[in-house]
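Hi,

Here is the structure I promised to pass on. Have a look at it first, and my notes follow below.

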Amino acid sequence: MRRLTRTVAAAALATALALVGGCSSDSDKSESGGGNGAALEKVTYLTSFGNFGRDSYAWVAKDKGFFKEAGFDVDIKPGQGTGSVIQTITGGQADFGPIDLTGGILQLGNGQAKDFVAVAAIQQRTMAAIVTVEGKNIATPKDLEGKKLADTPTSVVRNLFPTYARLAGIDGSKVTWVNGEAQGLIGMLGSGSVDGIGQFVVGQPTVETVTKKKPVVLPYSNVMQDLYGNALITSSKIAKEKPEMVKKFTAALLKGLEYSLANPDEAAEILKKNVPAAVPAAASAELQLMAAYVRSSNSGTAIGTLDSGRVAKSIALLQGAGALKQNLTPDQLIDFNLAPKA
């Protein structure tokens, strides 16, 4: 891990803040050029949040021609997190994008969103975590008691914390949460104003670069092993009316994901080419950390699969913790006819 993080440029934080603006490459903007010469179908894709290394696989699918070969002209735009991605897609301003699947369950099960379905997993395990640094006297979940943590109010990490606390043996009433903007969380940790932050595990390289201290990570997956990470979603309307289109797009995107994991340095350079503010070393490090979450013992070697039993366990876990107001079934959240098969 230390070898990975040393490669991240010292300016990683300042660069990271600029990534949410992003830009869209013009490399595949032609109206035709699919495998059979037919006109390309225009698609708008949202990243999960900004244009960081963890989302670079979409740029790879575009740059390597995977989208074009499947018949798509894809406009990639920076997403702003689970709730925003769902709203933009169901509102018709975008066609596809990844969300945290547990966040999607919370949104759907609490009446905050509807009319979307997941069609593929990006990560087989949740990457949600509490991240702190050495010197804060935090080594185990129990050590969070009496500490101050920061995150955005709508963060999946924060919204899942009561469930995590119960399962990890933490008295949640002894943990103080304060609000912070997503871009400023690592700075808050570095300044010492908080003891820990909500973060994905792949953020470790940037945390170490900014704080100049070794990160200490408490992954939620240690106590909630059935939770998925990000999943690709589309609107219920598109899934119903264009199932074959959804399958083709999903396959092309997952091809980009697989290529990115096998070639993280090249994927990082492709991101840099399309998003000039990107730091290739940081992007590559994120992809290398993410690889273990895309494939796991739960899914074997397959990429993108979604298991109804695991999703049902996730729903039951959240229901048991009192985190859902409505009963849900896996089929309300996922279109298993469109998802890749194990």
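Let me start with Phe 67, which is buried in this predicted model, with a relative accessible area of 1%. Phe 249 counts as buried too, at 0% relative accessibility.

These two residues belong together. A search of the whole structure turns up nine aromatic pairs. In one of them, the ring centres of Phe 67 and Phe 249 are 5.1 Å apart and the planes are at 10°, so the pair is stacked. The pair links distant parts of the chain, with Phe 67 in helix H4 (residues 66–69) and Phe 249 in helix H11, 182 residues apart.

Tyr 164 sits in helix H7 (residues 156–168), while Tyr 220 is in the loop between strand E11 (215–219) and strand E12 (230–235), so the pair ties together parts that are 56 residues apart in sequence. Both partners are buried: Tyr 164 has 1% relative accessibility and Tyr 220 has 0%.

Back to Phe 249 for a moment. Leaving out residues up to four places away in sequence, Phe 249 touches Val 43, Tyr 45, Phe 67, Phe 72, Val 74, Phe 96 and Leu 232.

Which residues have the most contacts inside the largest nonpolar core? They are Tyr 45, Leu 144, Phe 161 and Phe 249, in a core of 103 residues. Helix H11 (residues 243–262) supplies the largest share of this core, eight residues. As a general point, nonpolar side chains tend to be buried together in soluble globular proteins.

Asp 195 is buried yet has no salt bridge; the nearest side chain of opposite charge, Lys 136, is 4.1 Å away, and a salt bridge has to be within 4 Å. Apart from its neighbours within four places in sequence, Asp 195 is in contact with Thr 132, Lys 136, Ile 138, Lys 147, Lys 148 and Leu 189.

Finally, helix H13 (residues 280–294) has 15 residues, which at 1.5 Å a residue should span 21 Å; its end C-alpha atoms are 20 Å apart, which agrees. The buried residues of H13 include Glu 286, Leu 287, Met 290 and Tyr 293.

Best wishes

Terms used. Residues numbered from 1 in each chain as written. Predicted model: local features only at pLDDT ≥ 70, side-chain atom pairs only at ≥ 80, totals over all residues. Heavy atoms only, no water. Buried < 20%, exposed > 50% of the residue type's maximum accessible area, 1.4 Å probe, protein only. Lys, Arg positive; Asp, Glu negative; His and termini not counted. Contact = heavy atoms within 4.5 Å. Core = buried A, V, L, I, M, F, W, Y, C linked by side-chain atoms within 4.5 Å. Helix = DSSP H or I, 4+ residues; strand = E, 2+ residues; numbered from the N terminus. Expected span 1.5 Å × (residues − 1). Phe/Tyr/Trp six-rings, centres within 6.5 Å; stacked < 30°, edge-to-face > 60°.
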